[in-house]
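Dear colleague,

I am handing over the structure that I promised you, and below it you will find notes on what turned up in it. Please keep the model open while you read.

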Amino acid sequence: MTGVAGVQHMGHWGMFRAESDGRDVTAVHPQSTDSNPSPVLGNLVGSVTHRSRVTSPAVRRGWLEHGPGPTDTRGSDEFVDVSWDELTDLLAAELRRVVDAFGNKAIYGGSYGWASAGRFHHAQSQVHRFLNCIGGYTRSVHSYSLGATGVIMPHVLGAHWKMFSRSTSWNVIAAHTELLVAFGGVPVKNTGINHGGTSDHPTVDSLDAMRARGGQIVTVSPLRNDMNGDARWIAPRPGTDVAMMLALAHVLADEKLHDTRFLEKYCQGYPEFERYLLGITDGIPKTPQWASAICGIEAAVIAELAREMASKRTMVTVTWSLQRTRHGEQAPWMGVTLAAMLGRIGVPGGGFGHGYGSMNEPGLAPVPYPLPTLPQGVNPVPDLIPVAAVSDMLLNPGAEFDYDGRRLTYPDIKIVYWAGGNPFHHHQDLGRLRRALGRPDTVVVHDPYWTPMAKHADIVVPSTTSLERSDLSCTRNDPLLVAMEPAAPRYADSRDDYDTFAELATKLGVGRQFTEGRSSQQWLEHLYEQWRGYLRAGGVATPEYDNFRREGSFRMKTEDDLTFFEDFRRDPVGNALRTPSGKIEIFSATVAGFDYEDCRGHPMWFEPQEWLGGPRAQQFPLHLIANQPRTRLHSQLDHGAVSRNSKIKGREPIRMHSSSAGARGVSDGDVVRVFNDRGSCLAGVVVDDAMLESVVQLSTGAWYDPLDPADPDSMCVHGSVNVLTADEGSSALARGCTGQHVLVEIERYDEPLPPITAFDPPARSEVRTRPER
């Protein structure tokens, strides 16, 4: 980056240099070697001093005057600015009260989401380390992005993250894949990001190289732009991919095109699955004709694709979006099964992939050694929930629930402690979430911005952004360890989360345990030197810390040219999978033994509730796909220029086919009300015929902005799609997020447009009385 002004930094969107006027970032310059830099970097300009920043410690007036307890005023009450000393006194006293009276299981350490790309100033790591120092907390497991996959794939493949961190490399796909069949496409917009930063974006060039070699791509999605560049587009009804996959498998089995040797040697339970596939167990053969009636694709198209897949070196990929639905476990499981029937798993350019186009990790070479990591300590509290069950937990303390073969109980949460994340982006049915957040005694939020979650807190801790801090950045599928330098000074009265937790820990008597006597800068050097010592013991030469920071980055070794499960194919005994059989489990006796009605022992077609073929579509006839935005990461920096410029009259854009728009008297640029029986929101129309006629698309992440903040069911005037989605888990097995699909109706909004207040701070006051304690 020689000759480019500014300081070096790393974000989830990539490596860059930031120019500053001494107060805020004024320009960003992507890493010169990045093959396809993310335009979302533009949101960083002006973000440090944006009006939505939390400028000082704040406490909700009702909590300050009346003390902790359930309330229906979170999200509508005003806040009182307090001093740092007053805030940490109040927070330490509340933590002590709850731990003494109810135990540490009464603290929910939420803190889910994409916080800083840095390895040390990572909000989730910081808050969990702090909570472990005071005795632990109820935790969440898995993610909104991969809730279903995270549970089912260990049963099927004996692994979860290996599918991403050791997936087939993009260069191997470019060189060897003859046919890429991508269920959910490969949406390039999502590949702009990685959760520890990223120094290159190779997806577009790799797909182009594959095409240039003669490779072909079939994208299976209701949205044409889920694939970048030339591809054959097959558009099934949303939510019916599993039915189409089953029909492809039926052709393979019926015409003896499946690889029986591979299935016998490397797989467990194919005969049980085949009995279902051929209709022996339920009387319904899963033929292309059967699937056509469900997914809307002609039977001949399905049959011909199956034959083509059998004749070529085919890779089957499934995006993460397909498992963010009811019965979401089935799509990746069926994708593995289809790839196994083709017999190409473990062959360069063939087999199975999960998540290509879901983020900038699948297809990138992994680093073969551990990364610098802040130790979080040990959490002695055994209580846990699937991450997408937070409303269920808060609303149903003491209730039992099923999860991955276990019968668990929701704890009675008194404190929700959140740092680094916005559940109003991730979670479904926001009216229900608001009611759930009204139940605990206290909600604590660390955030740089007045996000919807911060506005629903009792105690708001103003955090710095990564642009105001030094840090280390790296991720398991990128070669660079990067020195992040502050691009702007700390804004207003904000603090690093580490400093806040160090003060709280001291007041609670565990200061030394939390800090180990180190400042932030000393921790950075300690983590680096600890990592450096590990590498040096393995014979890897690394620079000393001061030299590393001066040089700006260190290029780590990577494992290149990977083929997923190549080692397993070469030696299925010596490299047995971590499944009960050591093989790919097309039929899982373990899952079958759980006896869940909504997730059986092999992949199956389950009819969803939210789909165009069901009775609910009579009332709400448009199928809305709530996918990830192209102009931001989730809800981060929604106020940035790139995100803001995509809005229509200030509202989140919704794409509609011209026939659906015309039938409703709606034109390009109109504002519409999108609604169902859960809620409603306003959105701005973009007419686009590159999608199925009865499908609409509204991205997640617009900051929730209710017309009436006191009403949990109020219309969101900004376009937050999760006022519409159902708060229902994928199945009893995983209870994963199901926010990808929802049925809606749309009407033109002809009333005066309400103002957007999503980015405005809440009302604040200096007048208050203290509660009696």
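**Helix α11 and what follows**

Helix α11 is followed by G296, whose phi is positive, near 85°. Before going further, please note that this is a predicted model, in which local features need pLDDT of at least 70 and side-chain atom pairs count only at pLDDT 80 or more, while totals for chains, interfaces and linings use all residues. Residues are numbered from 1 along each chain as its sequence is written, and side-chain values use heavy atoms, with hydrogens and water left out. The names of helices (H or I, at least four residues) and strands (E, at least two) refer to DSSP runs, numbered from the N terminus.

Within α11, which spans residues 288–295, the residues P288, W290, A291, I294 and C295 are buried (buried means under 20% relative accessible area, exposed over 50%, and partly exposed in between, with a 1.4 Å probe and protein chains only). These residues lie on the same side of α11, because they cover an arc of only 150° around the axis, the arc being that of the directions from the helix axis to the C-beta atoms. An α-helix has 3.6 residues a turn, so residues three or four places apart point the same way. On the face of α11 turned away from the buried side sit the exposed residues Q289 and A293, whereas the buried residues pack against α8 and α12 (299–311), where contact means heavy atoms within 4.5 Å.

**Helix α10**

Helix α10 covers residues 270–277, and its buried residues are Y270, F273, Y276 and L277. They are on the same side of α10, because their arc around the axis is only 120°. Among the elements that cover these buried residues are α8 (241–254), α9 (260–266), β11 (267–268) and α13 (330–342). Just after α10 comes G279, which takes a positive phi of about 85°.

Leaving out residues up to four places away in sequence, A339 touches V316, R344, I345, G351 and F352.

Which residues have a positive phi although they are not glycines? H142 is one of them, at about 65°, and D404 is another, at about 50°. H142 belongs to the loop between β7 and α4 (149–156) and is partly exposed, with a relative accessible area of 35%. D404 is in the loop between β15 (400–403) and β16 (406–409), and is partly exposed as well, with a relative accessible area of 23%.

**The loop with D688**

D688 is found in the loop between β27 (680–687) and β28 (695–698). A polar atom of the side chain of D688 lies 2.9 Å from the backbone nitrogen of A690, a polar contact being a pair of N or O atoms within 3.5 Å, where within protein one must be able to donate a hydrogen and the other to accept it, and residues adjacent in sequence count only if both atoms are side-chain atoms. Apart from neighbours within four places in sequence, D688 is in contact with R655, M656 and H657.
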